[in-house]
Amino acid sequence: MSSVAQKKGFGAWLWDWLTTVDHKKIGILYLLGGGFFFVLGGIEAVLIRIQLLHPNSDLISAGLFNQLITMHGTTMIFLAAMPILFGFMNAIMPLQIGARDVAFPFINSLGLWMFIFGGLFLNISWFMGQAPDAGWTSYTSLAITSEGHGVDFYSIGLQIAGGGTLMSGINFLVTIINMRAPGMTYMRMPLFTWTTFIASAMILFAFPPLTIGLFFLTFDRLFGGNFFDHTMGGNTIIWEHIFWIFGHPEVYILILPAFGIFSEVFPTFSRKRLFGYTSMVFATVLIGFLGFMVWAHHMFTVGLGSTANAIFAVATMAIAVPTGVKIFNWLLTMWGGSIKVTVPMLYAIGFIPSFVMGGVTGIMQGAAPLDYQLHDSYFIVAHFHYVIIGGVVLSILAATHYWWPKMFGTLLDETLGKVTFWFFFIGFHMTFLIQHWLGFWGMPRRVFTYMDGQGWNAANYISTIGAFLMSIGVIVLVYNIIVTTVKNKRVGNDPWGDGRTLEWATQSPPVYYNFPQTPLVRGLDTVWIEKQEGNESGYTPAVPLQDIHMPHGSIIPFLMSFGLFMAGFGAMFRLETSWGLSLLVFGLFWTFVTMSIRSVKDDLGYYVPKEEILRDMKREGGQK
């Protein structure tokens with residue numbers, strides 16, 4: 001909280017957060033928003049599992065079940081996993097490269113509020129009784145014939161949120177290219193920064209196809225565009241190509257930052273340097289490259305022909321090679337290390353077998369003839385969740401415990417953290433391991449009920465119990481966060497004692513300008529090098545103490561995103577209500593005006609004087 005907010009109370013505090021362009025606060029807001037949607041998506045998942053607990057269940061209707069599976073998948077991928085990872089990227093990556101902030105603080109704020117308003121837009125559909133119901137992939141022709149405005153909420157909401165994601169990706173790329181501290185060459189960057197860099201480059205190329213597809217889908221539904229309507233000369237299969245040209249790189253956009261998180265956790269708690277740093281970097285780049293060459297393995301049953309299927313099968317198997325390199329490097333990092341079993345390390349150790357299982361079943365589906373048998377069965381559900389939960393969600397939980405003291409200055413309770421881990425980890429495997437066999441036994445995905453006597457009863461029962469165990473783990477985590485926040489027991493700059501990268505040289509939580517003086521990077525694991533040489537501060541300044549230039553906050557990103565939010569409603573209801581067209585015009589005008597204000601307003605920022613920096617340094621020294 002800024003000093004102004006402390007003096008003036010809640011209103012100033014709220015204004016401070018609504019107008020902030022500080023990457024650390026924006027990271028926290030991403031975590032809050034993503035965490036909210038994660039819980040919401042989890043509730044939807046539990047309702048799905050309760051419906052499938054017994055055969056012939058009528059707890060949930062078929063229509064509501066279709067809405068639940070659509071919203072669960074959409075929420076978890078677009079509104080939970082990705083924003084939470086963006087939260088850690090925002091909060092940690094600029095610290096790791098010794099930067100004051102991201103390259104474009106205003107755009108960073110705009111991306112955040114577009115995500116929040118896009119997510120709210122999508123979920124308001126529940127209150128209007130018109131939630132999307134065409135699956136999280138929203139395949140046409142189902143999506144263009146779905147009644148009501150459910151799919152409109154999907155297409156417009158994701159366009160708003162997706163625009164924010166694209167802005168953030170560009171922002172991270174420019175930040176890493178231009179704002180690294182002196183001495184930080186590319187091959188001295190921490191692995192989390194590297195994976196942020198490659199994931200951001202993938203966003204730059206993967207999200208425009210999604211934007212185009214959603215734009216076409218919106219025009220098909222609202223304006224009779226007929227891009228995907230085969231009865232009017234459109235092409236239904238083109239949607240699948242457009243979606244998966246985005247959709248498969250998206251898996252790697254999610255998993256690469258997860259790899260980066262574990263590449264920070266393993267060395268810290270093995271107390272040794274990451275094994276094979278150079279090979280890890282090149283494996284990351286190769287995964288990013290190959291991720292764009294495998295999309296049609298989602299379409300083996302469409303009828304592309306044996307040649308296309310064979311090409312994409314080979315590419316799918318090839319991408320397993322750099323991933324395997326990473327697995328062995330993590331294992332060899334632990335080999336011979338002095339392992340400290342903390343909560344983040346538990347998640348890291350549990351991740352390896354879990355993700356390998358998901359990867360192996362992915363290779364199985366890479367064989368087109370086998371995929372014909374497994375396609376649209378519960379085997380696919382099991383595989384996908386082993387990759388996303390066993391990779392991405394475990395990394396999010398690891399990062400939450402690992403970087404919590406850096407972000408908030410307090411340490412989450414280790415005992416409660418281990419309770420969360422075991423409930424979540426055991427529940428995860430209970431829920432999804434058995435679903436592989438359900439797929440082999442012929443249970444199709446997306447069915448809202450099933451008949452008795454097919455041999456599926458016990459497996460579905462076990463799967464649902466596992467989902468309850470996962471829920472208990474998340475509840476314990478929320479309790480842990482509340483208790484830790486209330487106790488507010490402060491910790492030092494490096495509470496783990498073995499931090500190796502630059503974020504562990506800053507205050508916990510960091511002061512708003514990050515570093516009193518820009519650090520000089522003298523090698524890989526720069527903080528560890530400095531401490532080995534007796535420099536307890538963890539870094540050597542590259543420049544003398546001087547005034548620091550910082551950007552002003554702005555309410556314009558919030559207002560601009562709100563304008564798009566209004567325009568989305570107006571577009572949907574423009575023909576059905578008297579206010580629809582007016583709201584569309586007003587929303588677009590509102591957005592245009594706020595953009596214009598930003599365009600003509602020069603924000604030259606302000607300077608933090610040396611005297612204030614010296615006072616902060618003395619205060620920190622006194623607290624130590």
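Q: At which residues does UniProt place the feature "domain: Cytochrome oxidase subunit I profile"?
A: This is a predicted model, where local features need pLDDT of at least 70 and side-chain atom pairs count only at pLDDT 80 or more, while totals for chains, interfaces and linings use all residues. Residues are numbered from 1 along each chain as its sequence is written, and side-chain values use heavy atoms, with hydrogens and water left out. UniProt positions follow this numbering, feature names are shortened, and annotations may be inferred rather than shown by experiment. The record, an unreviewed entry, puts the feature at residues 9–522.

Q: How far apart do the end C-alpha atoms of residues 9–522 lie?
A: The span is 70% helix and 0% strand. Helices (H or I, at least four residues) and strands (E, at least two) are DSSP runs, numbered from the N terminus. The end C-alpha atoms of the span lie 43 Å apart.

Q: Within what arc do the buried residues of helix 2 fall?
A: Buried means under 20% relative accessible area, exposed over 50%, and partly exposed in between (1.4 Å probe, protein chains only). In helix 2 (residues 10–18), the buried residues are Ala12, Asp16 and Trp17. Seen down the helix axis, they line one face, because their directions fall within an arc of 135 degrees. That arc is taken from the directions from the helix axis to the C-beta atoms, and its value is 135 degrees.

Q: Which residues is Thr594 in contact with, leaving aside neighbours within four places in sequence?
A: Thr594 sits in helix 20 (residues 580–600). Thr594 is buried, at a relative accessible area of 7%. Contact means heavy atoms within 4.5 Å. By that rule its partners are Ile556, Leu559 and Met560.

Q: How many residues apart are Arg221 and Asp152?
A: A salt bridge is a side-chain nitrogen of Lys or Arg within 4 Å of a carboxyl oxygen of Asp or Glu, and the whole structure has 11 salt bridges. The side chains of Arg221 and Asp152 form one, at 2.6 Å, N to O. It links distant parts of the chain, from helix 8 (residues 191–223) to helix 7 (residues 150–178), 69 residues apart.

Q: Is Asp152 buried or exposed?
A: Its salt-bridge partner is Arg221. Arg221 has a relative accessible area of 17%, so Arg221 is buried. Asp152 has 2% relative accessibility, so Asp152 counts as buried.

Q: Which residues are linked with Asp525 in a network of salt bridges?
A: Arg273 meets Asp525 at 3.7 Å, N to O. Both lie in loops, so the pair ties together parts that are 252 residues apart in sequence. Arg500 meets Asp525 at 2.9 Å, N to O. The residues linked with Asp525 are Arg273 and Arg500.
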